There are 2 protein chains.
Amino acid sequence: MAGDQREPSTAEQVAREASLYGPFTDVVRELVDATIRTEIDDAEVAGIQTELASIVARLRTRQLDGPYAVNNRGRHWGNTVVGLRNAIAPPLHIERESTGRAWSSFHLGAAYEGPPGLVHGGVSALVLDQMLGEATGAGGKPGMTASLTLTYRRATALGDLRAEAWIERTEGIKTWARGHLSDADGVTVEAEGLFILPRWAREKAAAQPPPSFE
Amino acid sequence: MAGDQREPSTAEQVAREASLYGPFTDVVRELVDATIRTEIDDAEVAGIQTELASIVARLRTRQLDGPYAVNNRGRHWGNTVVGLRNAIAPPLHIERESTGRAWSSFHLGAAYEGPPGLVHGGVSALVLDQMLGEATGAGGKPGMTASLTLTYRRATALGDLRAEAWIERTEGIKTWARGHLSDADGVTVEAEGLFILPRWAREKAAAQPPPSFE
């Protein structure tokens with residue numbers, strides 16, 4: 001551990017970890033939602049706090065020194081939008097085409113609220129940044145966000161949503177992508193972004209298989 | 001509560017709830033981090049999952065029907081960035097000036113990771129959307145995001161960060177704001193946005209004290 005890169009996992013190990021931590025993290029997501037919405041008695045809340053603190057201590061008896069991807073060769077299970085082990089992530093399950101297209105259907109509940117009952121404008125930006133990055137990666141042009149512009153057409157209600165993104169054009173290490181968030185009635189937020197593969201990533205890519213930027 | 005608006009709380013009630021749910025939610029934040037980083041034995045992880053599922057069920061025995069602000073007159077405790085009861089929120093504690101300026105110092109850990117060891121580009125957008133909105137609200141010009149442009153100057157490492165924002169100019173119901181995210185070495189991400197007070201909010205504002213858009 002101690003921040004060291006570990007050996008690459010076998011496909012079997014990855015599948016085993018996914019089947020363990022996928023359902024575990026889903027329960028933590030439920031807990032995040034219930035923490036916002038519960039109305040049980042104060043004494044019960046305080047009692048549960050003590051139980052949770054004990055659970056945290058048990059989980060921390062052996063843990064990574066730092067963030068997940070640093071310790072796992074870029075595996076994106078810690079990612080804020082798609083991370084299998086990140087309870088902040090809805091998570092998005094993203095479909096891709098090698099033509100540079102990505103799309104996803106997902107649900108956003110109480111934890112993603114900005115104005116009453118509506119998706120936080122910054123959450124729409126968070127999701128679309130990921131989606132545009134996924135499209136560039138799918139098209140073989142991975143990069144980090146250099147600029148991103150969001151245009152909010154109308155309010156997005158919390159609930160079932162869809163996002164899609166595609167590569168608009170590329171020029172060397174630069175890739176321009178567009179995308180949008182939509183509900184049952186159509187597009188609510190549009191995005192366009194420029195993605196650039198940074199020098200450190202290009203050097204790393206030359207030395208080993210490309211890391212995931214998800 | 002079936003989605004009903006409740007009666008306004010007294011300052012004393014709000015303070016009591018904050019002292020109960022603030023520390024509770026902090027423990028849930030710790031749990032989110034530990035869920036990403038733990039390396040304890042599989043059997044122990046599975047056992048804790050069962051305990052957490054039982055805790056969620058207890059919290060859900062009495063709960064709000066929907067998102068938090070819908071049921072609490074716009075109180076922003078469910079907000080994704082600043083919500084006292086939202087474990088997704090770091091949360092940001094934001095300082096304000098009525099001249100239309102807002103700033104905050106905060107820490108982003110493993111749960112906010114995009115590329116290995118770095119803040120997710122969309123998380124920077126999420127934080128800055130909130131900060132620009134706070135600046136417009138502080139200046140008496142609350143609104144919802146109409147457009148937002150992020151320029152990423154360089155990668156932002158996970159850790160201690162600062163964000164600030166200010167009103168650039170206003171024109172009727174439109175307010176333009178700017179801001180940035182910075183680390184110890186200076187600015188990493190810049191933002192500019194247009195905020196507009198929607199009609200439904202103007203009508204509501206005419207009928208009762210203004211809701212919080214945080």
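The paragraphs below go from confidence to domains, then to the sheet, and finally to the relation between the chains.

This is a predicted model, and its overall scores are an ipTM of 0.92 and a pTM of 0.92. Chain A has an average pLDDT of 92, with 92% of its residues scoring at least 70. A stretch that calls for caution is residues 210-214 of chain A, where pLDDT stays under 50, although the model has 19 contacts beyond four places in sequence for these residues. Where pLDDT is low, the predicted coordinates should not be read in detail.

Chain A is divided into domain 1, covering residues 1-73, and domain 2, covering residues 92-207. The C-alpha centres of these two domains of chain A are 26 Å apart.

The pairings within chain B can be followed strand by strand. Strand E2 of chain B, residues 101-108, pairs with strand E4 of chain B, residues 159-171, in the antiparallel sense over 8 bridges, and here Phe106(B) has Leu161(B) in E4(B) as its bridge partner. E4(B) also pairs with strand E5 of chain B, residues 174-183, again in the antiparallel sense and over 9 bridges, with Thr175(B) in E5(B) as the bridge partner of Thr170(B). E4(B) and E5(B) form a hairpin with 2 residues between them, and in its turn Gly172(B) has a positive phi of about 65 degrees. Strand E3 of chain B, residues 144-152, and strand E6 of chain B, residues 186-196, run antiparallel and are joined by 8 bridges; in E6(B), Val189(B) is the bridge partner of Tyr152(B).

How many bridges link E3 of chain A to E3(B)? Strand E3 of chain A, residues 144-152, pairs with E3(B) in the antiparallel sense over 5 bridges, and Thr151(A) stands opposite Ser147(B) in E3(B).

The two chains can be superposed, chain B on chain A, by a rotation of 180 degrees with 0.0 Å of shift along its axis, at an RMSD of 0.0 Å. That is the relation of a two-fold axis. In chain B, the C-alpha nearest the axis is that of Thr149(B), at 2.1 Å from it.

The contact between the chains involves 78 residues of chain B and 79 residues of chain A. On the side of chain B that touches chain A, the elements giving two or more residues are helix H1 (11-37), helix H2 (42-59), helix H3 (68-71), helix H4 (121-138) and E3 of chain B. By class, this side of chain B has 44 nonpolar, 22 polar and 12 charged residues. Because 100% of the interface residues of chain B are also interface residues in chain A, the copies meet through the same surface.

Notes. Residues are numbered from 1 along each chain as its sequence is written. Chains are lettered from A and ligands numbered from 1 in the order in which they are written. This is a predicted model: local features need pLDDT of at least 70, side-chain atom pairs count only at pLDDT 80 or more; totals for chains, interfaces and linings use all residues. Domain bounds come from an automatic or database domain assignment. Two strands pair if DSSP finds at least two bridges between them. Helices (H or I, at least four residues) and strands (E, at least two) are DSSP runs, numbered from the N terminus. Copies are superposed by least squares on the C-alpha atoms of residues with pLDDT of at least 70 in both. Two residues are in contact if their C-beta atoms, placed from the backbone, lie within 7 Å. pLDDT is the predictor's confidence in each residue, from 0 to 100. Ala, Val, Leu, Ile, Met, Phe, Trp, Tyr, Cys and Pro count as nonpolar, Asp, Glu, Lys and Arg as charged, and the others, Gly among them, as polar.
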